[in-house]
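Hi everyone, thanks for having me.

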Amino acid sequence: MSSNNYKTEEHGKRPWGHWKVDEVGDGFVKKTIIVNIGGCLSLQSHKHRSEQWKIVEGIAEVTINDKVSQFSVGAVIDIPIKAIHRLKNAGDSVLIVKETQLGDILDENDIIRYEDIYNRNKKIFIADMDGTLTPARLPMTNEFAEFFEKFIEKNIFFVVSGSDLKKVKEQLPQNIIDKIAGLYCSMGNEFYLKDKLIYRNEFVPETSLIKKLEYYRKNTKYSGELFENYIEKRQGMVNFSVLGRNCPQEARIAYKKWDDLHKERQQIAAELSEMYPDYDISVGGNISIDIVPHGFGKEQVATKLRETYKNEKIVFFGDRTEKGGNDYSLAQELLKLGNAQVVAVNSPDDTLKFLKENADYE
C-alpha cells in the first residue's frame, strides 16, 4: 500500500535555500528545489524513494555514492533508491532543480544524513506530557523516570503541556523539571527554566464564550456524575471539561469511554470553531477541550525553538497529533519549518520504547 504525505503547494525553508511541491500523485511527487549561492544539501540517502533531478538554472555539483560530477542546464540525473547522494550549488548564481520522487512511501522525514555542513544531525527533543510522558493526569512512572533522567542529562529535551505549572509538578518529578532544557506550560503561554518564569502571554476570554461553555455543561447527554472545575482559565487559554477536572480517575476513564463512542468533545469543538473563528479549539487529553486565541496554541513553541535552534533536527512526541488534537498545530508547524520529525504515540510506553530503540544515551 502506497503512502504519499506531501501536498501540492507545500513548501519548506532550509539553510541552503527552499523547496516547493508542484504536483502530487500516486507514487510520485514533483518539487522545485532552489539552492542559494554556496548552498549545499546534506550527504544523504532515502530508504523508500528514488529521485530524478533536472537542472533548470545554474550549475550543480552532484555526488552519487563515490562519484562527483558537475552538470549544467538541461542535464537529467537519476538517483537510485538508497544511493548516498548530495546536491551542491557550484555556480555564481541561484541553482534551480526540478525534482521527481518515485516510491511507495513518500515522506519528508525519509532522510538519512551522513554529512551536513549545517549541523542538522544534532537533535532537539520536545514532548507533550499527558499521554506521552505520563499517564493522563497521573505521575510519571518510576520506570520512565529512571530512564528519562539519564536521557535528559545527555540530550536537549523540552516539555510542552496544556496544564499550568502546579499540575505539571503533580506529574513530573522535580529532578526531571530541573534537568530538562525548558518547560512550556498552558499550551506554550508560559515558559519556565526550572521553576523560574521566563515569559507569559495574557488572555481574557469574552463573556459569551464562557456562557456557551456553561450551556454545554448544563445540556450534556452524559448521564454520569459531574464534578467541579469544568471551566479552567489558564494563562493564555481556557480549558473546558463537561465532566469537570476535579473528577476521580475512575470517572475520567468512564467519561472517555463514553466520549469515544458519542464524540461529544469533537462536536463541541466543531461548533465552537464555527462560532469563534478567531480561536483555535482542539480536543485535549481524555476529558477536555483547549481554547486559545490564534497564535496562543502549541504551534508558538515551534517558532520559539526554531529561533534558537536554526539548523538542528527537532523530534516531537505527542499522543494527539491528529487533526483536531491539541498536539496537531505544533506537529504541523514543526514540519512546515523543516528538519523535524513527528513521532505519534498512544501512551508513555510508546515514547519510552522509541527513545530506547532510537536514541543513544550512554
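So, the lining of the second largest pocket: by class, the residues divide into three nonpolar, four polar and seven charged. Here Ala, Val, Leu, Ile, Met, Phe, Trp, Tyr, Cys and Pro count as nonpolar, Asp, Glu, Lys and Arg as charged, and the others, Gly among them, as polar. That pocket is lined by 14 residues, with N109, I111, I112, K313 and Q341 nearest its centre, and its volume is about 380 Å³.

Before I go on: this is a predicted model, where local features need pLDDT of at least 70 and side-chain atom pairs count only at pLDDT 80 or more, while totals for chains, interfaces and linings use all residues. Residues are numbered from 1 along each chain as its sequence is written, and side-chain values use heavy atoms, with hydrogens and water left out.

What's a pocket, then? On a 1 Å grid over the protein atoms alone, a pocket is an open set of points with protein on both sides within 12 Å along at least five of seven lines, whereas a cavity is a set of points where a 1.4 Å probe fits but cannot get out; lining residues have an atom within 4 Å of a point. Points are joined across faces, edges and corners, and a volume is the space filled by probe spheres set on them.

Now the largest pocket. Its volume is about 990 Å³. It's lined by 47 residues, and E10, D107, E108, N109 and L335 lie nearest its centre. By class, that lining has 17 nonpolar, 13 polar and 17 charged residues. Which element gives the largest share of the lining? That's α8, with seven residues. Among the others that supply at least two residues each are β4 (28–35), β11 (95–103) and β24 (340–344). These helices (H or I, at least four residues) and strands (E, at least two) are DSSP runs, numbered from the N terminus.

Let's follow β4 for a moment. It runs antiparallel to β3 (residues 17–25), joined by eight bridges, and V24 stands opposite V29 in β4. β3 and β4 make a hairpin with two residues between them, and G27 in the turn has a positive phi of about 85 degrees. β4 is also joined to β11 by eight bridges, again antiparallel, with I33 opposite V97.

What about β24? It belongs to an open sheet of seven strands, in the order β18-β17-β16-β15-β14-β23-β24, with mixed pairing (two strands pair if DSSP finds at least two bridges between them). The edge strands are β18 (196–200) and β24, each pairing on one side only. Five bridges join β23 (residues 313–318) to β24, and these two run parallel; the bridge partner of F317 is V343 in β24.

Last stop, cysteines. There are zero disulfides (a pair of cysteine sulfur atoms within 2.5 Å). Is C185 buried or exposed? C185 counts as buried because its relative accessibility is 0%; buried means under 20% relative accessible area, exposed over 50%, and partly exposed in between, with a 1.4 Å probe and protein chains only. C247 is buried too, at 11%.
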